[in-house]
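Here are some exercises on charged side chains. Try each one before you read its solution.

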Amino acid sequence: MSDTKTNWPSSLDDKELDELDAYLRTHAQEGEGHLLLDGVHGLLSALAVGPTKVLPDEWLPEVLHEPFADEEEGNRVLALLAKLNDSISAELDVDAYEPILGEVDTEAGPALSAAGWCEGFSRAIDLRAGLWEKRLADDPSLMEVLGPVMALAVDEGILSAEAEFEKLTEEEYDDCLAQLPAVLAAVNHYWYEHPATEAELDALHRAMETGADHQPPPRHRSGHWVH
């Protein structure tokens, strides 16, 4: 990150990111689909550019799964999450967004992975599933905008596809990663130019009242975060 970016009041420095990462890893339960730092960043990124506002009371249960050990720890973690959330919109506003990606060990050495980020991104879409799914079905341009994210998510097994797709080559995978900031900006612009209609919002509210607009979380993915 640049000096300008790290000096923003809303951006977490590396020490704070490590602190949040350590908390999430310590409290993640194997096989429970708990998000790590890259997943939380993907979740908050999708919410930042989504069609409707999602309040912390709704997204925090996707991140925190047990009571805090003490009030001081709880306040600190909540402050870090709030700061991370604020930083995303600030970075998007000045075209300085960077995804927090995972790092996994391969035979060739450490490699960047978008699996966790995509997991979080899909979890955020699940929070407004009906609205997203209807618009994706009605407007192919939104699916086109999301192309790189969808390609990564299918490649990592986060999303399933009706047709079979060959695994992305290393070059294709890296190209999709490089496009993530532009995708976020484009999705943000899309919902600004084509906001949810009254009919879509009414349908969303009805679905939320019945709990039909929230889907089960994707699978768990381990690894290290890289920013």
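**Exercise 1.** At 33% relative accessibility, does E19 count as buried, partly exposed or exposed?

Solution. Start with the cut-offs: buried is under 20% relative accessible area, exposed is over 50%, and partly exposed lies in between (1.4 Å probe, protein chains only). E19 has 33%, so E19 counts as partly exposed.

The model is predicted: local features need pLDDT of at least 70, side-chain atom pairs count only at pLDDT 80 or more, and totals for chains, interfaces and linings use all residues. Residues are numbered from 1 along each chain as its sequence is written, and side-chain values use heavy atoms, without hydrogens and water.

**Exercise 2.** Find the residue that forms a salt bridge with E19.

Solution. A salt bridge puts a side-chain nitrogen of Lys or Arg within 4 Å of a carboxyl oxygen of Asp or Glu. The partner is R76, with the closest N and O atoms 2.8 Å apart. Now place both residues. R76 is in helix 5 (residues 71-93) and E19 in helix 2 (residues 14-27), so the pair ties together parts 57 residues apart in sequence. Helices are DSSP runs (H or I, at least four residues), numbered from the N terminus. R76 is partly exposed, at 36%.

**Exercise 3.** Describe the salt bridge between R25 and D21.

Solution. The N to O distance is 3.2 Å. Both residues lie in helix 2, four residues apart, about one turn of the helix. R25 is partly exposed at 31%, whereas D21 is buried at 10%.

**Exercise 4.** How many salt bridges does the rule give?

Solution. The count is eight.

Notes:
Helix = DSSP H or I, 4+ residues; strand = E, 2+ residues; numbered from the N terminus.
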